[in-house]
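My notes follow in the order in which I worked.

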Amino acid sequence: MEVYTDILSLKHTLTGLKTRKTIGLVPTMGALHRGHLSLVELSNSTCDITVVSIFVNPTQFNNKDDYKHYPRTVEKDIEMLQRAGCHIVFTPTEQEIYPEKDTKVFDFGDLDKVMEGKFRPGHFNGVAQIVSRLFDIVQPDKSFFGQKDFQQTAIIKNMVRQLNLTTEIVIAPIIREQDGLAMSSRNTLLTDIQRKNAADISRALFRLKQQAASGVSVNEITQVAIRQINANPELSVEYLEIVDGKTLQPVLNWNHQGEIFACVAVNVGKIRLIDNVQLK
Ligand code: AMP
């Protein structure tokens, strides 16, 4: 496995490989867990070369404290990637990625007006800035993202269409802890008590899914799930929405055509966690 910190050497290596090999890209912010490694496995099983980027991207953080405290464990990450059979790791500095301020502004229409986009202004513009740069540098045949960041997958697919890129976007299922909590780098920031209580988030989503199958109205199950999560004093729901899988707009009833997802953001003390489940 090779580790690169500068764009030129990485590009040089990739240009040599590209004539004979397919390239898979897994963009991450590090503090890796099994969720990330599942993307590496998927890339390894469908591409010749897997490139994992580790970069805590400042432009997607709307909260300075969140950026400052975001877990950074690069050495351990590199060991994990080596064991996972990754071929190339790219760990650039901020200066390398943004020698000048990135002023690119994307228009995602209604996609970023809801949920994460609504509560984290500028977040998806920052995501699009970094992912478009990584696509430009690596020129991957396939790029791997987790369903965990459901809205992000819709944004990235939209960006690929807008920019006429050829990379294939592959979405991988959410990997969960044994008690159901969606794996997240931010989970390491939870206290033991918060960590235990955080499992109530996925519990509420799984219950919601059962109730949806039994026909309870969209509005009622939304309210019930919010109440269930908020009943835990460690947890506070920021939003819980039942939305169309493509447009991300709220779904009003179960006759809705197309895929339906329940998405939630919850504050566990100062740590903000997200999760989602497909209902239809
Ligand atoms: P992050 O490092 O949090 O930016 O995540 C990097 C990639 O890993 C994103 O595509 C995430 O959606 C994905 N990811 C994060 N957590 C999980 C998980 N629990 N299961 C599957 N994919 C995940």
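What volume does the second largest pocket have? I read off about 280 Å³ for the second largest pocket. This is a predicted model, in which local features need pLDDT of at least 70 and side-chain atom pairs count only at pLDDT 80 or more, while totals for chains, interfaces and linings use all residues. Residues are numbered from 1 along each chain as its sequence is written, and side-chain values use heavy atoms, with hydrogens and water left out.

**Entry 1, the pocket.** I noted that a pocket is an open set of points on a 1 Å grid over the protein atoms alone, with protein on both sides within 12 Å along at least five of seven lines, that a cavity is a set of points where a 1.4 Å probe fits but cannot get out, and that lining residues have an atom within 4 Å of a point. Grid points are joined across faces, edges and corners, and a volume is the space filled by probe spheres set on the points. The second largest pocket is lined by 14 residues, and T153, A154, K157, G245 and K246 are the ones nearest its centre. Helix α8 gives the largest share of this lining, 6 residues; helices (H or I, at least four residues) and strands (E, at least two) are DSSP runs, numbered from the N terminus. By class I find 6 nonpolar, 4 polar and 4 charged residues in the pocket lining, where Ala, Val, Leu, Ile, Met, Phe, Trp, Tyr, Cys and Pro count as nonpolar, Asp, Glu, Lys and Arg as charged, and the others, Gly among them, as polar.

Among the residues that line the largest cavity are M115, E116, K148, F150, Q151 and Y239. At least two lining residues come from each of α6 (115-119), α8, β8 (260-268) and β9 (271-278), and β9 supplies the largest share, 3 residues. The lining of the largest cavity divides into 6 nonpolar, 2 polar and 3 charged residues.

As α8 had come up in both linings, I turned to its packing. The axes of α7 (residues 123-138) and α8 (residues 150-162) come within 10 Å and cross at roughly 55°, axes being lines fitted to C-alpha atoms, for helices over the stretch in contact, with angles from 0 to 180 degrees between N-to-C directions. That makes α7 oblique to α8, since angles under 35 degrees count as roughly parallel, over 145 as roughly antiparallel, 65 to 115 as roughly perpendicular and the rest as oblique. Contact means heavy atoms within 4.5 Å, and the contact includes F124, V127 and F135 of α7 with I155, I156 and M159 of α8. I count the contact residues of α7 with α8 as 9 nonpolar, 3 polar and no charged.

The contact of α9 with α10 has 8 nonpolar, 2 polar and 2 charged residues.
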